[in-house]
Amino acid sequence: MAFFEFKNVRLAGIAAGVPSFIANNLHPLPEDAVSSDYSPEDFVKTTGVLERRITYTQTTSDLCYHATQKLLSDLNWKKEEVDAIIFVSQSRDYNAPSTAGILQNRLGMSTDTYCIDLTLGCSGWVYGLNTVASLLSSGCMKKALLMAGDSKAVRPMQLSPLFGHAGTVTAVEYKEGEKGFCFHCGTDGSGYDAIIIPDGGSRNLTSPNSFVFEDCEDGHKSRMESRMKGMDVFSFGITTAPKSVKKLAEHFEFDYLSYDYLMLHQANMAMNNMIAKKLKFTPEKVPSCMHHFGNTSSASIPLTIATELKGKVGAEPKHFICCGFGVGLSWATVAFTTENFIISDLVEVDENGNVVHS
């Protein structure tokens with residue numbers, strides 16, 4: 001069973017970077033891949049996604065870079081103190097080399113920095129946190145940055161009105177005596193094609209046919225775009241996420257309902273409402289940023305913390321359960337406590353790469 005516990009590690013802070021451009025789903029863009037089965041009003045009501053931030057020029061690493069600059073300043077961390085960068089995304093700068101290494105250089109960090117990419121989506125922030133916690137818990141490393149998100153410059157390909165772009169950074173540090181983190185992680189590879197980009201990997205190499213639009217279950221797309229079997233993913237999410245939370249609580253013997261917040265991957269509102277109901281969490285304990293940012297893949301949990309809990313979480317102890325689930329099919333749940341926790345102001349980046357608000 002994939003249960004883990006890492007002590008002597010704590011979250012120090014979170015920051016998020018998003019494009020400044022706001023797309024409103026009640027007024028679809030020409031390139032939005034909107035199903036003819038739904039009116040814009042029906043789509044917003046069903047998914048809970050009214051707005052999303054999108055970019056045609058900025059990569060995930062661009063957004064993470066600006067968020068990192070802000071968070072390091074707010075934490076008063078020196079760049080040479082950072083021992084590791086973990087970059088979690090399905091939209092890396094290049095297939096090779098690693099984007100984490102590019103960010104190490106761009107941020108001006110030491111060449112002794114441990115850098116690695118993790119190619120994960122919806123469960124990626126929790127898996128990334130597991131990786132960071134394992135690196136720091138022995139005390140050999142003291143400070144690390146977990147960067148997570150997705151931001152695909154996709155024009156002229158179609159955009160899904162469900163998905164938004166964001167890059168986040170989470171600061172994690174070694175501190176002796178901290179309770180740390182406990183995790184439950186899992187994967188069901190039999191559902192690998194429930195969310196998939198068919199072409200562009202070594203299984204199906206990119207070809208001219210990869211860019212031809214064709215009808216598929218969730219729209220009219222090319223084979224270089226993400227495809228989703230919506231009902232399969234919905235059934236997976238509402239079944240697996242509650243089970244994972246309960247397994248974690250049972251294994252580590254704690255009452256999950258006593259926790260302050262349940263942070264869910266922002267898949268869609270109907271799914272998350274059902275998960276919260278199954279777990280008997282009240283709505284005020286399950287914050288959501290989906291209405292304004294959409295589904296932002298591995299960024300969705302830290303983005304929700306950054307946008308919905310600023311001013312509510314800080315010096316006083318707060319207890320969190322976070323659950324990510326989706327592409328893989330994979331899932332991961334973590335429980336932890338924050339104290340003296342920094343949440344930076346949201347960083348907004350325009351199409352020229354300039355920070356317009358932070």
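This is a predicted model: local features need pLDDT of at least 70, side-chain atom pairs count only at pLDDT 80 or more; totals for chains, interfaces and linings use all residues.
1. Residues are numbered from 1 along each chain as its sequence is written, and side-chain values use heavy atoms, with hydrogens and water left out.

2. Domains next. The chain splits into domain 1 (3–26 + 42–182 + 342–356) and domain 2 (184–295 + 317–338), with bounds that come from an automatic or database domain assignment. Their C-alpha centres are 17 Å apart. Domain 1 puts 34 residues into the contact and domain 2 puts in 43, where contact means heavy atoms within 4.5 Å.

3. Have a look at helix H4 (residues 124–136). Helices (H or I, at least four residues) and strands (E, at least two) are DSSP runs, numbered from the N terminus. H4 has 13 residues and reaches 18 Å from first C-alpha to last, close to the 18 Å expected at 1.5 Å a residue; that expected span is 1.5 Å times one less than the number of residues. Among the buried ones are Trp 125, Tyr 127, Leu 129, Asn 130 and Leu 136.

4. Which residues of the largest nonpolar core touch the most other members? They are Trp 125, Leu 129, Phe 181, Phe 183, Ile 305, Phe 320 and Phe 336, out of 45 residues in that core. A nonpolar core is a set of buried Ala, Val, Leu, Ile, Met, Phe, Trp, Tyr and Cys residues joined through side-chain atoms within 4.5 Å. H4 supplies the largest share of this core, seven residues. The core lies between domain 1 and domain 2, because both give residues to it. As background, nonpolar side chains in soluble globular proteins tend to be buried together.

5. Phe 336 is worth a click. Leaving aside neighbours within four places in sequence, its contacts include Leu 11, Trp 125, Leu 129, Phe 181, Tyr 259 and Phe 320. Phe 336 also belongs to one aromatic cluster with Phe 4, Phe 6, Phe 181, Phe 183, Tyr 261 and Phe 320.

6. On ring pairs: rings of Phe, Tyr and Trp (its six-membered ring) pair if their centres lie within 6.5 Å, and planes under 30 degrees apart count as stacked, over 60 as edge-to-face and the rest as tilted. That gives ten aromatic pairs. Phe 4 and Phe 6 have ring centres 6.2 Å apart and planes at 15 degrees, so they are stacked. Phe 4 is partly exposed at 31% relative accessible area, while Phe 6 is buried at 13%. Phe 254 and Tyr 259 make a tilted pair, because their centres are 5.0 Å apart and their planes are at 40 degrees.

7. There is also a charge over a ring: Arg 106 lies over the face of Tyr 65, 4.1 Å from the ring centre. The rule asks for NZ of Lys or CZ of Arg within 6 Å of the ring centre and within 35 degrees of the ring normal.

8. Now the backbone. Most residues other than glycine have a negative phi, and most peptide bonds are trans. Where are the cis bonds to check? One runs from Ala 96 to Pro 97, with omega near 5 degrees, and Pro 97 sits in the loop between strand E5 (84–88) and H3. Another joins Gly 328 and Leu 329, with omega about -15 degrees; Leu 329 is in the loop between strand E15 (318–326) and strand E16 (330–338).

9. Positive phi turns up at Glu 253, about 55 degrees although this is not a glycine. Glu 253 is in the loop between H5 and strand E14 (261–264). Is Glu 253 buried or exposed? At 73% relative accessibility, Glu 253 counts as exposed. Ser 297 has a positive phi near 55 degrees as well, but Ser 297 is buried at 8%, in the loop between helix H7 (290–293) and helix H8 (300–308).

How values were computed
Buried means under 20% relative accessible area, exposed over 50%, partly exposed in between (1.4 Å probe, protein chains only).
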